[in-house]
Amino acid sequence: MSEQIKPCAICGEYPYFDDLAPFAVKCKNNKCTNGIDYVARSHSLDDLVSKWNALQHNEFFIVIPHELPALNEILGATNSNRYVGAALKKKSMQLVALYLPNKTLPTPLTADFLFYSKNARKDPDNIASGATKIIFDAMQQKGILVNDGQKQIRQLHYRFAVDKNNPRIEITLKRAM
């Protein structure tokens with residue numbers, strides 16, 4: 001490892017590496033909410049250590065190991081029946097909430113999204129629009145963000161890639177200065 005691992009910013013414990021999930025790291029303190037529960041198998045151990053260390057300095061890394069509905073899917077469901085559209089959004093928000101930290105994030109923030117899709121068929125703007133809305137609404141509902149307006153979210157950055165075996169969304173939230 002090229003980078004020295006740092007202790008948890010919340011409880012001061014050093015993390016441990018979970019053998020059950022390759023390249024996963026968590027805080028040793030079970031009561032602490034800090035940690036990366038899931039990191040893509042393609043990442044190196046050095047990459048994981050860098051992400052853990054970033055967590056300790058006003059950066060938050062979240063991985064949602066699923067694809068979320070694109071904007072066209074949400075609009076199609078809503079246009080067919082508003083209850084179907086509302087149910088799709090609610091189900092997606094509940095899924096996202098499973099992977100969110102249990103702490104309020106400092107604002108204002110910048111958000112970097114890296115979307116890994118199964119294929120390159122969906123338009124990037126549809127992927128980003130639908131997923132961003134669902135993710136920020138889930139964060140607000142869970143109390144991680146007080147609001148998802150322009151005062152709280154200063155910048156959004158999007159990148160797109162294809163990983164047919166492991167579609168996911170990687171989000172890095174950084175304190176905006």
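User: Before we count anything, what counts as a helix or a strand here?
Analyst: Both are DSSP runs, numbered from the N terminus. A helix needs at least four residues, and a strand needs at least two.

User: With that settled, how many helices and strands does the protein chain have, and in what pattern?
Analyst: Keep in mind that this is a predicted model. The protein chain comes out with 4 helices and 7 strands. Going along the sequence, they follow β-β-β-α-β-α-α-β-α-β-β.

User: How many contacts beyond four places in sequence does the model have for residues 33-42?
Analyst: pLDDT stays under 50 over that stretch.

User: At what angle do helix H2 and helix H3 pack?
Analyst: H2 covers residues 71-80 and H3 covers residues 82-97. Residues that meet include Ile-74 and Ala-77 from H2, and Val-84 and Leu-88 from H3. By class, the contact has 4 nonpolar, 3 polar and 2 charged residues. The axes are 5 Å apart, and the angle is about 145°.

User: What share of the residues of the protein chain count as buried?
Analyst: The cut-off for buried is under 20% relative accessible area. Of the 177 residues, the share that counts as buried is 42%.

Notes: Residues numbered from 1 in each chain as written. Predicted model: local features only at pLDDT ≥ 70, side-chain atom pairs only at ≥ 80, totals over all residues. Heavy atoms only, no water. pLDDT = per-residue confidence, 0-100. Contact = heavy atoms within 4.5 Å. Axes fitted to C-alpha atoms, helices over the stretch in contact; angles between N-to-C directions. Nonpolar A, V, L, I, M, F, W, Y, C, P; charged D, E, K, R; others polar. Buried < 20%, exposed > 50% of the residue type's maximum accessible area, 1.4 Å probe, protein only.
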